[in-house]
Amino acid sequence: MAGGPSTPALVVAVNEAGAMGYLAAGYKTADALSEEFDQTRGLTDRPFGVNVFVPARLNRARDEAAVDAYRRRLQPLADKLDAVMPEPRWDDTDSYEAKIALLEEAKVDTVSFTFGCPAPDVVRRLRASGAQVVVTVTDTDEALAAVRGGADALCVQGSQAGGHRSTHRVDAIPNDLSWLDLVREVRSVTTVPLIAAGGIADAQDVRRALGLGAAAVQVGTAFLLCDEAGTSATHRAGLQEATLERSAVTRAFSGRPGRGVRNAFVDEYDAHAPSVFPVIDQLTKPLRAAAAGLEDFHLVNLWAGTRWRQAEPGSAAEVVGRLVGSTT
Ligand SMILES: Cc1cc2nc3c(=O)[nH]c(=O)nc-3n(C[C@H](O)[C@H](O)[C@H](O)COP(=O)(O)O)c2cc1C
């Protein structure tokens, strides 16, 4: 979970509880990732994964006008928050190549990719270094492309998932398929191991997923309130706010569809955000940071899946215990 929640402490706690944690590479520099990786490796002998964003091909000529229009729409809020929006960057701001080189060198157990399929050469290099390659998919076409591209396993992310939906095209309209339907569909077109994700919140879901033939489940939202998670205070407050009653999928914060608890920012800007990731993320970042400084959960991305009400404060070991059914 990029953007703060996934920390070395969370990965280690999840690992020690018998599950498998992932570090988030997204939005970080390669150096910051390297530091987190070394720290995690120093604290657990068990395998853990690293999740990487596949960069989008940006089309400045096509999208600049829409980005400028969105910027103008956000300007009054930026003024109110005393925040300065940056000039958008149209190159790779996520240091993808440097991260791949680092992960190849570091001999990571598993590298998972979101937002697309890595190039065949990247898959080959990572596999040669001993890593398993997982690709997140949201429909059968993406699943088939990922398998053709050499993925060892697929993370099958249904529409209830918190955070960004991993459609392989930025401008794709995400489907409404649940993890259950999606696992059935993807299972019918490929035999590679599947990891079910999106709204999995208790031991019953886990049993159902495994019963459908998933090899594993992936869970995000249930860990957001954990002691070991790096979830911000404002995000935690928003998740526990009784007056915020719905989740919604929106491009308003980043330009990519993501599910979060619906707040005033979503209501105001959802209809206007262009599909330009991560440029829109860069624009809204200072606004979100200023709002977080004011602990205003109406103006930050409260990423969470549909089952967010079931997330509870406590330890990651307790969450893993609930998911495997050893505690209630
Ligand atoms: C706060 C947050 C951040 C996330 N960041 C990432 C990410 O960086 N990479 C990724 O592949 N998935 C990310 N996800 C999606 C999760 O990997 C997973 O698909 C999702 O959490 C599963 O649904 P659930 O939240 O209902 O458990 C994120 C989810 C949340 C809630």
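Which residues does Asp94 touch, not counting residues up to four places away in sequence? Keep that in mind as you read these notes on the model, which is a predicted one.

1. **Asp94 and its neighbours.** Start by finding Asp94 in the loop between helix H3 (60-81) and helix H4 (96-106). Leaving out residues up to four places away in sequence, Asp94 touches Ala25, Gly26, Tyr27, Lys28, Phe53 and Lys99.

2. **Buried or exposed?** Is Asp94 buried or exposed? Its relative accessible area is 13%, and buried means under 20%, so Asp94 counts as buried.

3. An N or O atom in the side chain of Thr221 is 2.5 Å from an oxygen atom of the ligand. For Gln218, a polar side-chain atom lies 3.0 Å from a ligand oxygen. Gly162 takes part through its backbone, with a polar atom 3.2 Å from an oxygen atom of the ligand. On its own, the ligand has 600 Å² of accessible area, and the protein covers 93% of that.

4. The largest nonpolar core has 52 residues, and Val50, Phe113, Leu154 and Phe223 touch the most other members. Helix H7 (residues 179-187) gives this core its largest share, five residues. There is also a second, separate core of 36 residues, which includes Leu225, Phe253, Phe265 and Ala291.

5. **Phe223 up close.** Which residues is Phe223 in contact with, leaving aside its neighbours within four places in sequence? They are Met1, Leu10, Val14, Ala229, Ala316, Val319, Val320 and Leu323.

6. **Helix H12.** Some of those names come back in helix H12 (residues 316-324), whose buried residues are Ala316, Val319, Val320, Gly321 and Leu323. An α-helix has 3.6 residues a turn, so residues three or four places apart point the same way. Helix H1 (8-16) and helix H8 (203-211) are among what covers the buried residues of H12. Just after H12 comes Gly325, with a positive phi of about 90°.

Definitions and conventions. Residues are numbered from 1 along each chain as its sequence is written. This is a predicted model: local features need pLDDT of at least 70, side-chain atom pairs count only at pLDDT 80 or more; totals for chains, interfaces and linings use all residues. Side-chain values use heavy atoms; hydrogens and water are left out. A polar contact is a pair of N or O atoms within 3.5 Å; within protein, one must be able to donate a hydrogen and the other to accept it, and residues adjacent in sequence count only if both atoms are side-chain atoms. Accessible areas come from the Shrake-Rupley method with a 1.4 Å probe; for residues, only the protein chains shown count as cover. A nonpolar core is a set of buried Ala, Val, Leu, Ile, Met, Phe, Trp, Tyr and Cys residues joined through side-chain atoms within 4.5 Å. Buried means under 20% relative accessible area, exposed over 50%, partly exposed in between (1.4 Å probe, protein chains only). Helices (H or I, at least four residues) and strands (E, at least two) are DSSP runs, numbered from the N terminus. Contact means heavy atoms within 4.5 Å.
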